[in-house]
Amino acid sequence: MTKVIFEDNHIHSTYSDGRNTLAEIFEYNYYHDKLDLTITDHVDKNTNWFKKYVRQIKNLRKKYRDFSVKIGCEVKIIDENGELNTTHEILKMAETVVGSVHHFPNIKSLSANELIRKEYELTKILAANDQIDILGHPFSMAKRFFNADPPLEYVKDVYNTCVNNGIKFEYNKKNSTPNVKRLVYQEMARGHFKNFSFGSDMHDDLNELGSSAFDIAPTINVLVTGAGAGVGQSIIKAVRLSRLKTRLIAVDSSHLSAGLYRADAAHLVPLASEKKYIKKIIEISKKEKINIIFPGTDVELKALALNK
């Protein structure tokens, strides 16, 4: 199964153009998925609040110890010389720097092909800049202005430049083009997950936290036994509420069990006390390619534990 790091390394607060305060971001994450985060507000050469921003994140870290939060910033490339639109002082204080291509001269007057080519050139320069740690939303300008998809060879070239320079290539659910997503899927399937960073580019909706990591994660095939029991039905409800992509398979000894009708697939099985029970569970697990089994009754828990 493809390995994914559930994190969000691209988040904006009210310090730049986000709607939520740092305290609100920390609190939301605490009561939801407790992801490891990097808060990456936009900075430029005139930013005068970064020291205060650093102090506040450090203070909030002391209050919320169940997850890590890095002090980051997002900075754009200015020109073909690779200059970043920020100060050396900010780069030194930041624990993670996201480098991005945003607007560039005459961007609104370019054709789709001209914009893609220009963005490719700037993005490749940025991917070789040792002052950044993450290449933010690559080729997002092509998507934003023309909903265009850069050639796969451009995407691969930028990705390889990142890898060669120790810079993580960002997967961003809402800003990634089809070819960017295609490359990410291909490389993740090869086990190269450490070459990527997952960022939502969250500005307004706190529910977006972690969305990119959850989006790229593979579907998990979940088997719930005792689908008619109270515990079994509670497990089914919890699985349905999860942000993970799941395919739910429910089993029970009775066709009247309510949980069977809330699943993506359902099977009847013998009682856990019968000899054929384990054989049937193994048969279903192989057929449905089950990744994880949740026993929904105490008697099935014992039977499965004795035959694991």
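Residues are numbered from 1 along each chain as its sequence is written. Because the model is predicted, local features need pLDDT of at least 70 and side-chain atom pairs count only at pLDDT 80 or more, while totals for chains, interfaces and linings use all residues.

**Stop 1: the largest pocket**

Select Glu7, Asn9, Thr38, Lys70 and Lys168, which lie nearest the centre of the largest pocket among its 16 lining residues. A pocket here is an open set of points on a 1 Å grid over the protein atoms alone, where a 1.4 Å probe fits, with protein on both sides within 12 Å along at least five of seven lines; lining residues have an atom within 4 Å of a point. The space in this pocket is about 260 Å³, the volume being that filled by probe spheres set on the points. Now colour β1 (7-11) and β2 (36-42), each of which supplies at least two residues of the lining. The largest share, 3 residues, comes from β2. Strands are DSSP runs of E with at least two residues, and helices are runs of H or I with at least four, numbered from the N terminus. The lining has 4 nonpolar, 5 polar and 7 charged residues.

**Stop 2: Asn85**

Next, select Asn85, in the loop between β3 (69-76) and α3 (88-93). Asn85 is buried, with a relative accessible area of 17%; buried means under 20% (1.4 Å probe, protein chains only). Leaving out residues up to four places away in sequence, Asn85 touches Val43, Asp44, Lys45, Val75, Lys76 and Ile78, where contact means heavy atoms within 4.5 Å.

**Stop 3: His137 and Phe139**

Move to the loop between β5 (134-135) and α5 (140-146), where His137 is placed. Phe139 lies in the loop between β5 and α5 as well. Most residues other than glycine have a negative phi. Phi of His137 is positive, near 25 degrees, and phi of Phe139 is positive too, near 65 degrees. His137 is buried at 5% relative accessibility, and Phe139 is buried at 0%.

**Stop 4: helices α10 and α11**

Finally, show α10 (residues 276-288) and α11 (residues 298-306), whose axes come within 11 Å and cross at roughly 80 degrees. The axes are lines fitted to C-alpha atoms over the stretch in contact, with angles running from 0 to 180 degrees between N-to-C directions. That makes α10 roughly perpendicular to α11, a term for angles of 65 to 115 degrees. To see the contact, select Tyr277, Ile278 and Ile281 of α10 with Glu300, Ala303 and Leu304 of α11.

Terms used:
Heavy atoms only, no water. Buried < 20%, exposed > 50% of the residue type's maximum accessible area, 1.4 Å probe, protein only. Parallel < 35°, antiparallel > 145°, perpendicular 65-115°, else oblique. Nonpolar A, V, L, I, M, F, W, Y, C, P; charged D, E, K, R; others polar.
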